[in-house]
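I opened this notebook to keep track of what I looked up, entry by entry.

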Amino acid sequence: MERQRRGLRVAATVTMAAVAATVGLVALTPPAPANAATTESEAADYASDVYGDAWDYSNSSDFNTDFSNTSATVGGGALKVSLAKDNRLFLVHSISGSLPFGRDGARQPVDTAKYTRLTFSMDQPLSKHIGAVYWFNCREQTAACGGGFTFPIVQGPHVYDFDLTAQSNLLAKVPWRSANKVVFRIDPVVLASNEGNGKTAAIDWVRLHAAPDAQHPHAGMPAGTYNGYTVTPRPQVVVDSPNQSQGQDLAAAQSGQPWNFASAGATAKVRYANAQLLTRDARGITARNAGPEQNDPKVLLPVSSFAGNTYHYLQFDMQYDGPFNLSGSAGGGKLARVIWNVSGTGTPQIGNDVPTYSTGNQSEVSLDLTASNPLDEDALAPKAGWAGRTITGLRFDPNEDPGQPTWHLRSVHLRADPTATGATNVTFHDNAWVQGTTADVSVGTGAPGSAGYSRIAAGVAVAKGVNTVPFRLNSLPAGKYNVQVTLRHPDGSTATSYANAPVVMRTDTSHDPVGRLDSAAGTAGAVKITGWAYDPDATAGTQVRVYDQTSGSRSIGTVTTSIARPDVQRQRPGAPANSGWSLTVPLSKGTHKICAYGLNQGPGTTNPLLGACRSVAVAADTSHDPSGRLDSATAVAGGATLKGWAFDRDTTAPLAVAFYDQTSGSKSLGRVATSLRRSDVRAAYPSAPLNSGYSRTVSLTRGAHKVCAYGINVGAGTTNPLLGCRTVTVR
């Protein structure tokens, strides 16, 4: 597939004449030594805060020499640059039209409200020259989004100190505080031609820092002891774990092995195009761009469909022979690209440029394809993107040089967020460690810098090197958590950093109770519930709590396991012998939803539902209702005499009996209390009182009547039961 190519995007340049016109507009104000011995804390510094690594040029990460426009080296605590025309040192760099990763200013722009001063130490051999500082609000680095100033330079070693907010008189004169800056550059010596004659300038350190105050006038200096004052170091926090390399690897998940190109077996199904494979060794594969599309080598990665939101960290480890160059001619095109297919369209999704740097500047690339739109601006429509898509095909282009460069590909990974069940470890270190440093560790589901983080450790003593703090989910809900680490030095200075990837925390159920509600059988006014349960951490029985969830949730009883269940022990060897339980509880008449929960003991996280809930029908409990009978209804003049017996098990006192004429509707005929001796009833019902009989003459009109008697309940009964009905004719 042929891709639409864009022209090379290059940084704006300024002529010597334009620069020279601004000579002397910014004053040089190096810190003056204190009159008496004082101690003060180091100021907040961009590189220290954002990278956890100050620009002290002690390691190659401090400066990418591909962005110097002249020979530059890092080592021995100095950045050395050969003085030549257009020598430029990009402390913060960004390339338009590329996916930002690593120390790209688009990922980590300079906060111009916080960092307002530039201080650096430089030793250079020339006199009567100037230097320049540039900044840009945009990745294109056009004059319209740029600003800066020039300054006179001093021959020999010197500390330069500038208030960046004082003025801006280069390019479009964009003020420092107009917006956060994505590019920041120093031109150490501005030359009209190659008049440096191979001479070298050396920069020992650079601080892009917060402004000093009256109590801390030397805070822009790096930590150390100077003439009359000492600057104590501020923390330089690096959160090592969780990180993007800890998530599940797509190839390992789908085929059992990651794409490690040093292994022929691990990459047996990978296919190649426009590339000549030369060797395979510990560096992976060594290959050369080849035809028919020489500037478009393809590494076709075998995948089954997967969710782009799940696997979204692209990581690759490759190098090439030769210098860095982004031109469109042979030797240029030093960039990689990922191209993918998605469900729902046959149009390939073309990722934006991923610049690859020369040996010594290039390290493993890791970028998040869901952090921003990863598509090339000139990609074909429809532009479906990565986030939220089902990815059906994947391809990696390692080097778009139109020539025949030799490149070395060690590995390609596509990873998910790291995950942990119940607990994980947060690891971190302090690149400016001092004895007495302490750490606070917090976690939160919001973006880094947002509110609502929960502290999981406070005042932890920090040792030199890697430190570990456990993160246990405990009562926090399962979810995706960002990790924040704040370090405090004994001088009171603090710095905060975040892990470069969240960790997905899952609930650990291995310590929770297990079990089942086996049965729920309804009886008259009650339900009998049986089951089994045990807690892996319990030393005695496990408690089970039962709920009626028919309407809302109401606890109806708690029971402790105590019944032998050999069947459970056979199937689950870890279960105790007496893991069974049984509970009978009273319930009202009707259908009930019964649920049982195991009550956790020890380090478990929840009280889990034991199996499924049960629906059970409960009949009315009539055992506490009155018993009795209407024995007879005898007509008398103007009415009828009603006789019978009744008693209520909940009382020994006389029981009221109510009479109704139900011939037409229901008409009360009055009540009578039991008082007559009925030894026959007592013989049949030993709990009945001896005087359980009743007799009552009621008034009735002439004609046939249906008369009924009801016992009036006392105590725990549920109703006033019918004792019987009789038909009587009054003449």
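**Entry on Cys 595 and Cys 613.** I began with the link of Cys 595 and Cys 613 in this predicted model, and I found it right-handed, with 115° about the S-S bond. The sulfur atoms of this disulfide are 2.0 Å apart. I then looked up where the two cysteines sit: Cys 595 belongs to strand 40 (residues 590-598), while Cys 613 lies in the loop between strand 40 and strand 41 (614-618), so that the pair, 18 residues apart, links distant parts of the chain. Cys 595 counts as buried because its relative accessibility is 0%, which falls under 20%, whereas Cys 613, with a relative accessible area of 25%, is partly exposed.

**Entry on Cys 708 and Cys 725.** I turned next to the disulfide that joins Cys 708 to Cys 725, with an S to S distance of 2.0 Å. Its torsion about the S-S bond is about 110°, and therefore this disulfide is right-handed. Because Cys 708 lies in strand 47 (residues 703-711) and Cys 725 in strand 48 (residues 722-730), the pair ties together parts that are 17 residues apart in sequence. Cys 708 counts as buried at 0% relative accessibility, and Cys 725 is partly exposed, with a relative accessible area of 30%.

**Entry on Cys 138 and Cys 145.** I noted that Cys 138 and Cys 145 also form a disulfide, with their sulfur atoms 1.9 Å apart. This link is left-handed, with -55° about the S-S bond. Cys 138 is buried, at a relative accessible area of 16%, and Cys 145 counts as buried too, at 10% relative accessibility.

**Entry on the pairing.** How many disulfides does a search of the whole structure find? I wrote down three, and when the bonded cysteines of the protein are numbered in sequence order, the pairing reads 1-2, 3-4, 5-6.

**Entry on salt bridges.** I moved on to charged side chains, for which the count comes to 24 salt bridges. Among them is the one between Asp 187 and Arg 185, whose closest N and O atoms are 2.9 Å apart; both of these residues are buried. I also looked at Arg 283 and Asp 281, whose side chains meet in a salt bridge at 3.9 Å, N to O. Here Arg 283 counts as partly exposed, at 41% relative accessibility, and Asp 281 is partly exposed with a relative accessible area of 31%.

Arg 678 forms a salt bridge with Asp 631, the closest N and O atoms being 3.1 Å apart. I placed Arg 678 in the loop between strand 45 (667-673) and helix 5 (679-684), and Asp 631 in strand 42 (residues 627-636), a pair 47 residues apart that links distant parts of the chain. Arg 678 counts as buried at 19% relative accessibility, while Asp 631, at 23%, counts as partly exposed.

**Entry on the nonpolar cores.** Which residues touch the most other members of the largest nonpolar core? Of its 54 residues, I listed Trp 259, Phe 261, Leu 301, Leu 394, Leu 409, Val 412 and Leu 414. A second, separate core has 38 residues, including Ala 44, Phe 63, Met 122 and Val 189.

Notes. Residues are numbered from 1 along each chain as its sequence is written. This is a predicted model: local features need pLDDT of at least 70, side-chain atom pairs count only at pLDDT 80 or more; totals for chains, interfaces and linings use all residues. Side-chain values use heavy atoms; hydrogens and water are left out. A nonpolar core is a set of buried Ala, Val, Leu, Ile, Met, Phe, Trp, Tyr and Cys residues joined through side-chain atoms within 4.5 Å. Buried means under 20% relative accessible area, exposed over 50%, partly exposed in between (1.4 Å probe, protein chains only). A disulfide is a pair of cysteine sulfur atoms within 2.5 Å. Helices (H or I, at least four residues) and strands (E, at least two) are DSSP runs, numbered from the N terminus. A salt bridge is a side-chain nitrogen of Lys or Arg within 4 Å of a carboxyl oxygen of Asp or Glu.
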